[in-house]
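Please read them alongside the structure shown below.

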Amino acid sequence: MRRSLLSLTVASAVCMGSLLGGTAIKTEAESISSLKQKQSDIQNKQADLNSSINKADQKIDSLKGQQVDVQSELTRIGLAIDNTNKGIQDKESKIQDTKVQISKLQDEIKVIQERIQKRNELLKDRARNYQENGNVNYVSVLMGAQSFGDLIDLAGAVATIMEADKAILQQAQSDKQELEQKQAQVQTDLDNLQKMVRDLENLNNKLNSQKTQQANLLGSLQQEEKEATDGKMDMQEQSQILAAQSSAIQKAIQNEQARQAEEAKQQAAAAKAPTSSSGGGTTAAAPSVSSGSFTRPASGSVTSGYGGRTDPFTGAGTFHYGVDIANSGPNVPIVAAADGVVVTAHVSSSYGNVVYISHSINGHIYTTVYAHMSRYMVSEGQTVTKGQQIGFMGSSGEATGQHLHFELYNGPWAYHSAINPTGIVPF
Ligand SMILES: [Zn+2]
């Protein structure tokens, strides 16, 4: 692309001299050899484009494959998150059960503790009685005894009661110890469960951050695929324009040769008729047709010239490959800038309704482009004359307002190689 742009620029300087000289008319042989050269250039460019389109296809395929991988990774992570959530729920319910168990054990311990305390008090009271009043009671018990046998019985009874109290107390204490051990065990269970929940929650956090990462990756893959697809569409559009160009150039040369032959005939007859526009059902003011090879493509004011400028969409510095002519009103005509043949008239995502015209002027090929039309009135292969209406001004495609974006190419159309039309086309 860059190499062809340079070669065209050099050719431009040479051909412009002959065009401005006005008298130099190339021979038919030269025209045909130059046409063949141009067609071979176009074929090379198309081969380049096709290989770029293939590369774009491969990239799109690979991006799609990567997206499938990321999707399945996302599914896997989703399942793992479900599992950990289930695990957390399960452990939480076990924790609840364990807490209930602990609280029950605590209640039981409390009951036994109270029992122990009461019995302890009772035993202390009795022991105090024996100590303080033991002798008196013992004497009164003995004195109250009817016989020696009674006395033995009574003493034995006192001892039995004391033994029984002691046994009950020991039993209660061992019950309490057992419950406390049980409580300690359940408390350990609870600690373990709580640790498991914390581990599961950590795992869940990790999985969720993985999920976010994968979702972001998927988003950028989708964006990349969209860009690759847009790029491929641009290249396909370019390829179609190139394909239409050869036949349009051939026809433009034939038309020009016929026109020159006719002109020569008329000059010989010394009856030169003035050139007139054939018109095209104009409903608003068309620009007046200039006498040179080119005429102004639309009436209105030039709002943006050829060269570096700030992109109206992105705000970034960019290169404007054409001249913008803006005008208001519903039916502003766009006219062919010179005699020629329509290369293509189609709808482009960026240029909107766009027409490409190939011109053969004194054996030299030029191409003009008319973008953002509200509609066009010509079709591929159609012959048009200078000043003939080809459509209406609009804002279709990537346009901020109603205007004509006009481009001029020195030679066949080639991506990003439009030249400055100022000085060639009257504005
Ligand atoms: Zn523009």
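**Notes on the predicted model**

1. I begin with E225, which, once neighbours within four places in sequence are set aside, is in contact with I60, L63, K64 and Q67 (contact meaning heavy atoms within 4.5 Å). The place of E225 is in helix α3, residues 148–268, where helices are DSSP runs of H or I of at least four residues and strands are runs of E of at least two, numbered from the N terminus. The side chain of E225 also makes a polar contact with the side chain of Q67, at 2.8 Å; a polar contact is a pair of N or O atoms within 3.5 Å, of which, within protein, one must be able to donate a hydrogen and the other to accept it, and residues adjacent in sequence count only if both atoms are side-chain atoms. With a relative accessible area of 15%, E225 is buried (buried is under 20% relative accessible area, exposed over 50%, and partly exposed in between, with a 1.4 Å probe and protein chains only).

2. On the basis of these notes: this is a predicted model, in which local features need pLDDT of at least 70 and side-chain atom pairs count only at pLDDT 80 or more, while totals for chains, interfaces and linings use all residues. Residues are numbered from 1 along each chain as its sequence is written, and side-chain values use heavy atoms, with hydrogens and water left out.

3. The zinc ion is coordinated by H320 through NE2, D324 through OD and H405 through ND1, at 1.9 to 2.2 Å, and the spacing of these donor residues in sequence is H-x3-D-x80-H. Donors here are N, O and S atoms within 2.8 Å of the metal (3.2 Å for Na, K and Ca), and water is not among the atoms, so sites may look incomplete. H320 and D324 are both buried.

4. Seven strands form an open sheet in the order β1-β4-β12-β8-β7-β6-β10, with antiparallel pairing; two strands pair if DSSP finds at least two bridges between them. The edge strands are β1 and β10 (383–384), each of which pairs on one side only. Four bridges join β4 to β12 (residues 403–410), with V323 opposite F406 in β12.

5. R296, in the loop between α3 and β1, is buried, with a relative accessible area of 16%. Its side chain reaches the backbone oxygen of G300 at 3.0 Å, and a polar atom of that side chain lies 2.4 Å from the backbone oxygen of A298. Not counting residues up to four places away in sequence, R296 touches P287, S290, V302, I325, V335, V425, P426 and F427; the C-alpha atoms of R296 and F427 are 5.5 Å apart, although 131 residues separate them in sequence.

6. H372, in strand β8 (residues 364–373), has a positive phi near 65 degrees and counts as buried at 5% relative accessibility. H416, in the segment after β12, has a positive phi of about 55 degrees and counts as partly exposed at 33%. Most residues other than glycine have a negative phi.
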